[in-house]
Amino acid sequence: MRGDAGTPKIIGWFEQEKKKGEPYIRILSMLEGLLSENGTEAGLMSALREKAEGGDPDAQFAIGLATQYGVGAIMSYDEAIEWYSRAMSQDHPLALHKMGVRYMLGSDVPMSGKKAIKLFKRASDLGLAEASKEIAWMYSTGTGVTYSEPEAFRWTLKAAEQGDAEAQADVGY
């Protein structure tokens, strides 16, 4: 996790990711507001947890990230998965993507290309270009799916259409 001196690391992480657009910018704005209202990283994290427990999917995703990396929270992969799952149940695209990666790699969950691709497709349908790129990678390498260059290209093209600069360069967009 990145962050300048004095900036809570979770805010630093979302600062770095905001170039990817929504929902990163929305979550960063929420975190900055909570920091402004609460004054300290501890206050920010307490308010964030309260929002997450109240059902806010952006807050649930952010708490999942914090517990996955031990940023402002005790590191716990089990708790991270719990928070990602809560956000995922509300169709949060970043949570769907995070859990898709976990299933693709078998990271603290059983490896399952089938579950990974299902989660990535849902996140892609919600507009997350990163998820489209993951699907393209899976097809281009045969990871968890049958190798298919046409499918890899189709998903790279979708990521390009969703605004991903790297995918746009790959397809000459």
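Asp 91 comes out as partly exposed, at 33% relative accessibility; buried here means under 20% relative accessible area, exposed means over 50%, and partly exposed is what falls in between (1.4 Å probe, protein chains only). The model is a predicted one, in which local features need pLDDT of at least 70, side-chain atom pairs count only at pLDDT 80 or more, and totals for chains, interfaces and linings use all residues. Residues are numbered from 1 along each chain as its sequence is written, and side-chain values use heavy atoms, with hydrogens and water left out.

Back to Asp 91: this residue has a positive phi of about 60° although it is not a glycine. Asp 91 sits in the loop between helix H5 (77–88) and helix H6 (93–105); helices (H or I, at least four residues) and strands (E, at least two) are DSSP runs, numbered from the N terminus. Asp 108 also has a positive phi without being a glycine, in this case about 65°. Asp 108 is found in the loop between H6 and H7 and counts as partly exposed, at 45% relative accessibility. Another backbone feature turns up at Pro 23, in the loop between H1 and H2: the peptide bond from Glu 22 to Pro 23 is cis, with omega near 0°.

Now for the rings. Rings of Phe, Tyr and Trp (its six-membered ring) are taken as a pair if their centres lie within 6.5 Å, with planes under 30 degrees apart called stacked, over 60 edge-to-face and the rest tilted. The structure holds 5 aromatic pairs. Trp 13 and Phe 14 make an edge-to-face pair, 4.7 Å centre to centre with 80° between the planes. Both partners are tucked away: Trp 13 is buried at 11% relative accessibility, and Phe 14 is buried at 0%. Trp 13 also pairs with Tyr 24, this time in a tilted arrangement, 6.1 Å centre to centre and 50° between the planes. Trp 13 belongs to helix H1 (residues 9–17) and Tyr 24 to helix H2, so this pair ties together parts that are 11 residues apart in sequence. Tyr 24 is buried as well, at 3% relative accessibility. Ring pairs link Trp 13, Phe 14, Tyr 24, Phe 61 and Tyr 84 into a cluster.

Ile 25, in helix H2, is partly exposed with a relative accessible area of 41%. Ile 25 and Phe 14 are 11 residues apart in sequence, and their C-alpha atoms are 7.5 Å apart in space. Elsewhere, Arg 86 lies over the face of Trp 83, 4.2 Å from the ring centre; a charge sits over a ring if NZ of Lys or CZ of Arg is within 6 Å of the ring centre and within 35 degrees of the ring normal.

On to the charged pairs. With a salt bridge taken as a side-chain nitrogen of Lys or Arg within 4 Å of a carboxyl oxygen of Asp or Glu, the count comes to 14 salt bridges. One of them joins Asp 58 and Arg 26, at 2.6 Å from N to O. Asp 58 lies in helix H4 (residues 57–69) and Arg 26 in helix H2 (residues 24–38), so the pair ties together parts that are 32 residues apart in sequence. Asp 58 is buried at 9% relative accessibility, while Arg 26 is partly exposed at 37%. Glu 17 and Lys 20 form another salt bridge, with the closest N and O atoms 2.6 Å apart. Glu 17 is buried at 8% relative accessibility, whereas Lys 20 is partly exposed at 41%.

Lys 158 and Asp 125 form a salt bridge too, their closest N and O atoms being 3.4 Å apart. Here Lys 158 is in helix H9 (residues 149–161) and Asp 125 in helix H7 (residues 113–125), so the pair ties together parts that are 33 residues apart in sequence. Lys 158 is partly exposed at 25%, and Asp 125 is exposed at 53% relative accessibility.
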